[in-house]
Amino acid sequence: MRKGVFGACRALILAVVALLASGPAMAEDGYDLWLRYRPLADSAQARYRPLATAIAAPQDDPSIRIAAAELHRGLTGLLRADVPASADAIAPGAILLGTGGDRRIAALGLPLSTLGREGYLIRSVRVDGKPATVIAANSGVGVLYGAFHLLRLVQTGDPIDRIDIRSVPKVELRLLNHWDNLDRSVERGYAGQSIWDWWKLPDITNPRYVDYARANASIGINGTVLNNVNAKADSLTAPYIAKAAKLADIFRPYGIRVYLSARWSAPIEISGLKTADPLDPAVAAWWKAKADEIYAAIPDFGGFLVKANSEGQPGPQDYHRSHADGANMLAAAVKPHGGIVMWRAFVYAHENPDDRARQAYDEFKPLDGRFADNVIVQVKNGAIDFQPREPFHPLFGAMPKTPLMMEFQITKEYLGFATHLVYLGALFEETLASDTFAKGKGSTVARVIDGSLEGHARTGMAGVANIGVDRNWTGSQFDQANWYAFGRLAWDPEASARRIAADWAGMTFSTDPAFVAPVVDMMMRSREAVVDYMTPLGLHHLMATGHHYGPGPWVDDLERPDWNPVYYHRADAQGIGFDRTKTGSNAVAQYAPPVARQLGDIRTVPERDLLWFHHVRWDHRMASGRILWDELVTRYDRGVAEVAAMRARWATLAPYVDADRHADVMRFLAVQAREAQWWRDASIAYFATFARRPLPAGSPPPAHDLDYYKALRFPYAPGN
Ligand code: GCV
């Protein structure tokens, strides 16, 4: 008996030891995001141990208190040490946090005046004769950003001796746009319901609201538009203002302001006005009173985001007024309170027979210089709609007198929903690094967005959020990276997507170089993979109707011509692609002349944009020496092969990741592999009916005939 008990105990101990030795044993579900603070390896702990002497944050400021608590939580976890939070005395190695209002920080004579409200310094200094690390800023929120930065250095194994970091955001408004509806459904949301429980607010709040604010603050996001741009007027009624105010109270110490999407016709819907004409004094008075009401409840309310006269939404054009008339009227209402209006340029009209890609430019370019100074025009990264690849929007660089802010989509409406592993940092970076040539070489989109090209102080970047109530927040482990990368690039639009991926992978999974290097490589290649298996060589908008799940290049029966994929690919017996040169829609002429020349010439256009701008013969000779048809099929094959490579690679990385998250990602990759094959097969089956050529040698025929793919239906696909 004794022997039996002993044997069982021994077996248990051995099992535990084996488990511990077998790498990351703790089950994780992704809730902790990149802020996991799991213990570092012993050698790294020793390196950072001096930081564990004390955290001195004597100022009474809510954001500084949060910063100190975060450092305490982070260092306690990472270094397995209980770091004393001492209010005053500086022990050697201590961290001192605060603003110039702190006597010891003031005594250091740091160049705080160059940091603005949100920038910070992290420096190795001597305080009261003892070595210390100071995090200093001009506001509590700046201090909080600095605390997260210091924790990132520790999490990723960066050196912290003789530290000298200065960081100032290059972009003023770094915002999430939630397309969340009041019934908790999320338009284009793939991570479960909306995290805003509107029904229970304001009385009952979810601890997740704090975790949301904390995660956003950790990457510098400073604002959130709570409701869908396809807005309901109800969001502007007193009960919903009270709910938004509750969220604003929770977010405030994290430096996050709330904004609301405004429905243009709200004065009619809420108060029975006869009109929503922006030049009608009663309408202007209504909005002014509404702004006063909102600011009484939310003194730091950020302002309004507006989708007007787009996809059926009401707007000033219903009254024959311009977008500027509409934006300026709203801007006047929020101006006395310091609020802003973000007016979306995502407009295209049913009645307009012009190429959809031209329409936003044609509408907005003539309005340059006509917007009030608290209006910023929000422009999607490309001229169509968040496709796997789009050339940069021609409005960037074309409205020098108007501040333009970027709108990226973090949720992956057109890139495989949450299921596909696609690192959007690469997409964001590609757009931001594009050269508009508006003021000669080097006039990048990043410089339009950060205001430096035209000297605008009002700057912004918005990301359509991918957040929901799913335990891992974003619907998949790797989609967290897209939220993360968005925040980091909004802070610095010239930051490296690769570097950001490395930080994220290190903090989210493991800093072991044997893990980080292959994962970052995989992430950086993942964007090209999705382009290849969905829309290679500049193809776009080929997805199925409504939900946008899966391929539908054959769709030709929708009410509006520009909702049909056939409108975009224009395949025929001769070739494929949309002629946007002067023999076609001439959309290319909306770019600055050097860009227009390059893109408009089939000999110089980059192949990645070829079919966006040109209708190209099937036998056109490509750089590879292959004819276009063969190249197209080769790209589809390449995309599918890349997903297979990602699966194989991730399988080898099990030793570095806890079993649950590793298996989770493995399962998602299996779906992606299946869907990549489906995209490839369906697209090739369809385009072959025009090209009428054999597949290149070694390329297998589609698994099914075209009718099979055309018959697939997904009435309950999410996010629709
Ligand atoms: C919020 C696309 C999406 C719509 C979205 C729209 C927009 O058309 O499919 O769901 O609506 O863009 O950005 O306004």
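**Cores and aromatic rings: group meeting talk**

Okay, let's start with tryptophan 650. Leaving out residues up to four places away in sequence, Trp650 touches Phe478, Phe509, Phe515, Val519, Met522, Val657, His662, Val665, Met666 and Leu669. Keep in mind that this is a predicted model.

Trp650 also turns up in an aromatic cluster, together with Phe478, Trp504, Phe509, Phe515 and Tyr656.

Now zoom out to the largest nonpolar core, which has 231 residues. Which members touch the most others? They are Leu97, Phe251, Trp287, Phe687 and, again, Trp650. Helix α21, residues 659–691, gives this core its largest share, twelve residues. There's a second, separate core too, with 15 residues, including Ile105, Val125, Val127 and Ala132.

On to ring pairs. Searching the whole structure turns up 43 aromatic pairs. Take Phe417 and Tyr549: their planes are at 35° and their centres 5.5 Å apart, so we call this pair tilted. Are they buried or exposed? Phe417 is at 5% relative accessibility, so it counts as buried. Tyr549 has 19%, and the cut-off is under 20%, so Tyr549 is buried as well.

Compare Tyr567 and Tyr568, both buried. Their ring centres are 4.8 Å apart with planes at 75°, so that pair is edge-to-face.

Lys243 has its charged end over the ring of Tyr240, 5.2 Å from the centre. Arg356 lies over the face of Tyr348, 3.7 Å from the ring centre. Thanks, everyone!

Note on methods
Residues are numbered from 1 along each chain as its sequence is written. This is a predicted model: local features need pLDDT of at least 70, side-chain atom pairs count only at pLDDT 80 or more; totals for chains, interfaces and linings use all residues. Side-chain values use heavy atoms; hydrogens and water are left out. A nonpolar core is a set of buried Ala, Val, Leu, Ile, Met, Phe, Trp, Tyr and Cys residues joined through side-chain atoms within 4.5 Å. Buried means under 20% relative accessible area, exposed over 50%, partly exposed in between (1.4 Å probe, protein chains only). Helices (H or I, at least four residues) and strands (E, at least two) are DSSP runs, numbered from the N terminus. Contact means heavy atoms within 4.5 Å. Rings of Phe, Tyr and Trp (its six-membered ring) pair if their centres lie within 6.5 Å; planes under 30 degrees apart count as stacked, over 60 as edge-to-face and the rest as tilted. A charge sits over a ring if NZ of Lys or CZ of Arg is within 6 Å of the ring centre and within 35 degrees of the ring normal.
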